[in-house]
Amino acid sequence: MKKIIISFFCILISQNMLASTIDAPIKSEGEGPFNRLILRGGILINGEGAPPTGPVDIIIQGNKIISVRSVGAPGVSIKDSARPKAGPNDKELDISGHYVLPGFVDMHAHIAGSVQGLPAEYPFKLWLSHGITTVREPGSFNGLDWTLKHQKLSANNKITAPRIIPYIGFGMGWDKEITTAEETRKWVRHVAKKGAKGIKFFGLPKNMMAAALDEAKKQGLGTAMHHAQLNVVGTNALDSARMGLTTMEHWYGLPEAMFEDKVIQDYPLEYNYNNESHRFTEAGRLWLQAAEEGSDTWNAVRDELIDLDFTINPTMTIYEASRDVMRERNADWHKDYTHPKLVEFFEPNRESHGSYFFDWTTQNEIDWKANFKKWMAFLNDYKNNGGRVTIGSDAGYIYKIFGFGYIRELELLQEAGFHPLEVIQSATLNGAEALGMENQIGSVIPGKLADLVVVEENPIANFKVLYGTGHYRLGLDNVAKRVGGVKFTIKDGIVYDAAQLREDVKELIKEAKNN
């Protein structure tokens, strides 16, 4: 591993995280793109906040949406004269009564880079099979060259994978210590030239942070930050936003920006940051140390962040085990979809990041439930006042699995007070805006890329129908069965059978368990 000066980052990538991930196989398993693909009779949720409308016919040419046409009303026979005509070489797909949404954007999607020997095919297929067509890789822990290689293969549709937006953790891939503002700028220019689209920070001295953010802006790079406790006293979320940070990950740094009776978090005197149980126990008591909802301090921080066009990517799902570890440890999908290497990684371990359940108590979970309540209140208030909130999963840690963790984040935003249509907007258009890609992806609009999700059930009535394991429902025949799951994921005009992708993952897991 190359030498990096930033202490927290050294801790984080120490022995688990610069792991070797197996390359995705060179193959494309979808159909298309087609000269013209016509999706017939779907009910559209366009990602821009509009209510469902349908039936509509959607025409795709190559990898672009060229027309979205309303062709009637529910329950009324559609006249052929109202529909776009198919040519002899066109592909038609009858999705009558199905719901169509923009492809989802996962803003915090590590490509399995924290556990030795996971195949990239595993997260890629789970993401696509849950409708995720674009992922922001926030750290490139396998190395930037590895991420860029897979980005290009995905862009050329030579692998079965979502579109990849490669960010890199600050300081990675550099032979020298970075100790000055000028060295910081030099590193930023280096990764921009290599092809990174953004940088993720964990904390830096203020002069270096200011230099990095300024240079990133000059180079057209996005920026994200996990405001680690080792640096947050000097640079909280508001400080970094003022310096030009574009998105923040998780929630660290927000409560600290709203302290009224202290400067430093109320740490126990025996606290040690390298003790993961200490770290997550005290994190669960942090929001209650911040200003109250509706106070002048709360409102001032909220309003200034909104004025700065600051994006919050909360990743609530990755902390959910903190408030109910039994639920997460025994989730429905672990049996068929959790790789045995991840099962081992998730178990309590003093050396593995996020495996902090050494002696997790009822009080720990009560503290975290209170943490979530105030955190959710801020997110909902932020959204209601015009702030941008996006969806990220951070899966591969703390009992969270690729794809499944993303859908759970949708449910958590609804719990926070978001209308389901606002949740979908966070999952699609808001993510596209945060990436500067709103003219390409994020909504079902003519001229944008053909990234779509097709599901038989109504997702805004129940997000559980998006899970790969489906939703368990009792029918009128008094027989319970699983319904839902994404049916088709379309990326760049290529149609993927989502159920088949999930079956592929099941076989991959079976083989891994037998080896």
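The model is predicted. The protein comprises 17 helices and 18 strands. Along the principal axes, its C-alpha atoms fill a box of roughly 75 × 55 × 50 Å. A compact globule of 515 residues would have a radius of gyration near 24 Å, and the value of 23 Å for the protein therefore agrees with that expectation. Of the contacts between residues at least 6 apart in sequence, 76% join residues at least 24 apart.

Buried residues account for 61% of the 515 residues. The protein exposes about 19900 Å², of which carbon and sulfur atoms supply 47%. As for charge, there are 57 positive and 64 negative side chains, and the centres of these two sets lie 5 Å apart.

| Core | Size | Residues named |
|---|---|---|
| Largest nonpolar core | 121 residues | Tyr122 and Phe201, those with the most contacts inside it |

Within the largest nonpolar core, Tyr122 and Phe201 have the most contacts. The element that gives the most to this core is helix α13, spanning residues 362–384, with eight residues. Leaving aside residues up to four places away in sequence, Tyr122 touches Tyr337, Thr338, His339 and Leu342, together with Ile401 and Phe402, and also Val505, Leu508 and Ile509.

Definitions and conventions
Residues are numbered from 1 along each chain as its sequence is written. This is a predicted model: local features need pLDDT of at least 70, side-chain atom pairs count only at pLDDT 80 or more; totals for chains, interfaces and linings use all residues. Side-chain values use heavy atoms; hydrogens and water are left out. Helices (H or I, at least four residues) and strands (E, at least two) are DSSP runs, numbered from the N terminus. The radius of gyration is taken over C-alpha atoms; the globule rule is 2.2 Å times the number of residues to the power 0.38. Buried means under 20% relative accessible area, exposed over 50%, partly exposed in between (1.4 Å probe, protein chains only). Contact means heavy atoms within 4.5 Å. Accessible areas come from the Shrake-Rupley method with a 1.4 Å probe; for residues, only the protein chains shown count as cover. Lys and Arg count as positive and Asp and Glu as negative; His and the chain ends are not counted. The place of a charge is taken as NZ of Lys, CZ of Arg, CG of Asp or CD of Glu. A nonpolar core is a set of buried Ala, Val, Leu, Ile, Met, Phe, Trp, Tyr and Cys residues joined through side-chain atoms within 4.5 Å.
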